[in-house]
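Good morning, and thank you for coming. Please look at the sequence and the structure as I bring them up, and then we shall go through them together.

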Amino acid sequence: VVTPKNVLLLCEKPSVAQHIASALDENGKPQRRLISRVPYYVAQRDSRRLVIVPALGHLYTVAPKIADRNVYPVFEFEWVPRYEAERNAGETRAWIEVISKLSQEAEEFVLATDYDIEGATLGYTILKYACGGKDQNAKRMKFSTLTTNELRKSYAEIISRIEFPTIEAGVCRHFLDALYGINLSRAMTVAAKKWSGRYATLSTGRVQGPTLKFLVDREKRINSFVPTPFWSIKASVEIDGSVFEVEYEKDMTDTRDEAEAVVNDCIGKKGKIADVEVKKLQQKPPVPFDFSGLQAEAYGLFRYTPRRTGDIAQRLYLEALISYPRTSSQKLPPAINSRAILESLSHKPRYTKLAEHLLSQEKLVPNEGKKQDQAHPAIYPTGNLPEKSLGGPERRLWDLIVGRFMATFGKPALKQGVKVSIEMNGHLFFLRGRQVLREGWMVFYKPYLRTDEVLLPRLEKGQEIGFKDIAVKDRFTKPPARYNPVSLLKKMENEGIGTKATRAGIIETLYSRGYVSGERASVSELGFDVTNVLERYCPEVISVSFTRELEENMEEIQSGNEKMDNVIDKAISRLKPVLSDLKNNQDMVGQDLSEALRKARMHQRIVGDCPECGIGKLVILYSRRTGKRFLGCTGFFKGLCKASFPLPQKGAVTSAQRTCPTCGYPMIQLRMKGKRPWIFCFRLDCPSKEKNKQ
Amino acid sequence: MNCMVCGRKTESKFCDLHMGAYKSLLKSYEAWKRAMRVSWAEYLARVQNNEFAGLWVKEVVRYLLTSGSLEEPDCEIEL
């Protein structure tokens with residue numbers, strides 16, 4: 001009897017382990033086992049015993065050798081188990097112990113985590129620290145989907161080594177993030193605590209600082225914006241009983257007199273068509289989705305934040321319905337076998353006709369974009385159909401991905417634009433029409449298209465046109481728009497800071513720290529003040545160019561042209577004087593930040609304008625005598641207003657940012673553990689409450 | 001000294017943020033004067049009620065209106 005040899009396959013998550021085990025087991029029925037509530041699978045293949053064990057995301061993290069949070073600067077860091085460095089990471093202990101135990105019974109190691117920088121780094125740390133230095137002789141599975149065929153092919157064509165340059169770049173990123181994040185955040189937190197005696201978490205980081213600076217710069221432009229007046233002509237014409245808007249030859253006039261003169265010249269007169277210009281243009285199909293393209297489209301169509309889209313796409317990937325989503329590629333190589341995917345999709349009634357339409361084409365050539373990714377192709381449906389019905393968000397995103405995939409193989413659409421020039425008493429007006437002549441790829445992407453066709457009747461040169469309406473419109477220039485989660489993500493991408501996997505998380509941190517709020521990101525006073533302090537005492541930390549330079553260095557490490565030690569040494573040499581400056585100015589930094597925190601706390605307590613005096617603000621106050629909280633007007637301290645209202649004594653009370661529809665008083669939101677937030681009018685004699693009583 | 005609008009520490013009448021808004025207010029007045037022939041006081045009142053005017057601009061305008069600074073300023077003045 002020959003004892004089967006154990007091969008340990010390490011994956012990122014339990015659901016991936018299950019897919020891999022099912023795909024690789026010769027009978028498709030691997031055994032599921034548990035040790036200390038940690039699941040793993042045993043499969044048989046080629047007379048070998050495969051032990052497929054999942055991780056739980058990162059099991060190790062970079063931590064400073066000096067754990068005391070009041071000490072900085074710290075330049076020595078090490079990888080430690082997450083349960084040692086982080087709160088709420090206790091369960092990682094069992095996973096490390098189980099992986100460590102299973103590794104002792106294995107003689108071959110295969111890394112089967114996501115084929116990207118984070119997947120490689122995560123696997124490397126586990127192989128090195130939990131499996132006793134097995135990183136050097138581990139093999140690598142490379143796959144972009146969790147379909148059975150691709151997983152088997154990946155195992156058959158296993159790579160003999162793990163990708164060390166990528167891992168070095170990943171390790172470097174973790175060290176740099178810790179170096180900057182921990183030192184700068186400690187410097188700020190310690191300064192504020194020493195000055196005010198109160199602890200509050202203040203943070204910044206290598207990417208977080210410059211990202212907040214983008215928002216602050218935009219907010220400054222918006223808050224300092226003074227609109228200037230201009231005027232435009234609003235006119236419409238009536239042709240065969242239909243009304244069409246026309247544009248005046250000049251978009252705007254600088255004075256009202258000028259605009260009024262045009263209206264006076266044209267009012268009550270008939271115009272004549274001076275020219276009819278017809279242009280036909282072909283519109284190519286859209287390119288396949290890369291990660292940021294999918295995030296932008298899902299935000300535009302469904303208002304999903306980039307983080308949410310990322311989470312939904314990850315779930316679809318784990319269900320083997322789509323390929324790996326965190327890709328920069330806009331290419332669909334022939335190896336994915338688009339024909340087979342379409343054949344499979346055609347079994348779903350919703351896609352039958354569309355897929356058959358494409359399959360009838362002799363060649364399937366996608367309209368690819370320019371962006372490339374060495375590790376993965378663009379996002380595409382695997383062809384697997386959902387085994388159970390998908391939830392709303394998953395169904396929507398999957399349908400969008402299928403629609404985009406099919407559209408990229410479609411024929412160009414043919415559109416026609418018509419520009420009719422109408423001459424009226426020496427002035428020119430333009431009437432524009434738009435029409436789709438041949439839908440082409442648009443057939444596949446119909447639910448997601450925003451078309452605005454304007455169909456014009458037949459018009460000829462010399463034809464007389466009567467104006468239905470013409471008037472001067474008072475207008476003002478508008479401030480620049482605030483960033484939304486997607487435009488901010490695009491800005492980060494264009495500036496070359498962060499990675500496709502980390503950007504959405506960094507934006508979320510800005511929100512959770514209270515630096516930014518609202519869907520249209522508006523910067524809080526705390527956000528302004530933190531940026532102001534960093535700008536004054538360590539401008540390099542929020543400099544985009546420095547952050548970008550480090551990103552480029554990490555790309556060089558990945559391509560084998562730079563060494564991690566050099567990049568870290570360079571970062572330390574630039575960080576040392578910054579931290580020294582912060583330490584020398586600790587009192588002033590502490591004073592500025594404490595004041596900013598005090599204002600932020602005060603701002604959180606403001607519920608709205610006082611409706612009784614109209615001058616002060618209603619704030620949450622605490623009675624010195626009883627310790628109970630209530631709402632009082634800030635005018636009380638100046639002897640101007642005595643308005644006060646009782647508040648519930650349990651739960652967290654904040655402003656609801658809206659007024660009572662019945663009485664117009666500001667409303668409050670009460671949050672209690674395990675209950676949904678309750679928004680209500682705090683006024684006891686509000687007429688709405690009378691109605692409820694009756 | 002402290003900013004006349006928000007109380008932040010500053011070396012002039014306004015903090016950096018409100019000074020930026022005040023400069024923007026001065027700069028745009030020329031365009032308003034040319035387009036609408038309005039006085040400084042009228043201009044301030046119109047900006048105050050304009051939905052597109054920035055928050056800090058409105059705060060500066062409120063300060064100017066309540067402090068009685070309704071004389072047309074000399075744009076060259078050093079604050």
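Against which helices of chain A do the buried residues of α10(A) pack? Before I answer, some conventions. This is a predicted model, in which local features need pLDDT of at least 70 and side-chain atom pairs count only at pLDDT 80 or more, while totals for chains, interfaces and linings use all residues. Residues are numbered from 1 along each chain as its sequence is written, chains are lettered from A and ligands numbered from 1 in the order in which they are written, and side-chain values use heavy atoms, with hydrogens and water left out.

Now to the answer. The partners of the buried residues of α10(A) are α1 (14-24), α9 (291-302), α13 (392-407), α14 (485-495) and α15 (503-512) of chain A. Helices (H or I, at least four residues) and strands (E, at least two) are DSSP runs, numbered from the N terminus. Contact means heavy atoms within 4.5 Å, and buried means under 20% relative accessible area, exposed over 50%, partly exposed in between, with a 1.4 Å probe and protein chains only. Among the buried residues of α10(A) are Thr309(A), Ile312(A), Gln314(A) and Tyr317(A). As to its length, the 13 residues of α10(A) should span 18 Å at 1.5 Å a residue, and the end C-alpha atoms are 18 Å apart, which agrees; the expected span is 1.5 Å times one less than the number of residues. After α10(A) comes Ala320(A), with a positive phi near 60°.

Let us follow the chain onward. Leu332(A) lies in the loop between α10 (306-318) and α11 of chain A. Is Leu332(A) buried or exposed? Leu332(A) counts as buried, at 4% relative accessibility. Leaving aside neighbours within four places in sequence, its contacts include Pro288(A), Pro366(A), Tyr380(A), Phe405(A) and Phe409(A). By contrast, Lys270(A), 62 residues from Leu332(A) along the chain, has its C-alpha atom 56 Å from that of Leu332(A).

Ile341(A) belongs to helix α11 (residues 338-345) of chain A. Ile341(A) is buried, with a relative accessible area of 4%. Not counting residues up to four places away in sequence, Ile341(A) touches Ile336(A), Tyr380(A), Pro381(A), Thr382(A), Gly383(A) and Phe405(A). Of these, Gly383(A) is 42 residues away in sequence, yet 4.4 Å away in space, C-alpha to C-alpha.

I turn to the nonpolar cores. A nonpolar core is a set of buried Ala, Val, Leu, Ile, Met, Phe, Trp, Tyr and Cys residues joined through side-chain atoms within 4.5 Å. The largest has 120 residues, and those touching the most other members include Leu202(A), Tyr515(A), Leu25(B) and Tyr43(B). Helix α6 (residues 164-196) of chain A gives this core its largest share, 16 residues. Apart from it lies another core, of 62 residues, among them Met141(A), Leu332(A), Ile379(A) and Met406(A).

Next, the contact between the chains. Here 22 residues of chain A are in contact with 23 residues of chain B. Together the two chains bury about 1,700 Å², 62% of it on carbon and sulfur atoms; buried area is the accessible area (1.4 Å probe) that two parts lose on being put together, summed over both. On the chain A side, Asn223(A), Ser224(A) and Val226(A) lose the most area to chain B, together 31% of what that side buries.

Two strands pair if DSSP finds at least two bridges between them. β9(A) runs antiparallel to β14 (residues 464-476) of chain A, joined by ten bridges, and Ser232(A) stands opposite Lys473(A). Five bridges, also antiparallel, link β9(A) to β10 (residues 242-248) of chain A, with Glu238(A) opposite Val243(A). These two strands, β9(A) and β10(A), form a hairpin with two residues between them, and Asp240(A) in the turn has a positive phi of about 50°.

Finally, the cysteines. How many disulfides are there over all chains? The count is zero, where a disulfide is a pair of cysteine sulfur atoms within 2.5 Å. For Cys11(A), the nearest cysteine sulfur is that of Cys131(A), 12 Å away. For Cys633(A), it is that of Cys613(A), 3.7 Å away. Cys11(A) is buried at 0% relative accessible area, and Cys633(A) is buried at 1%.
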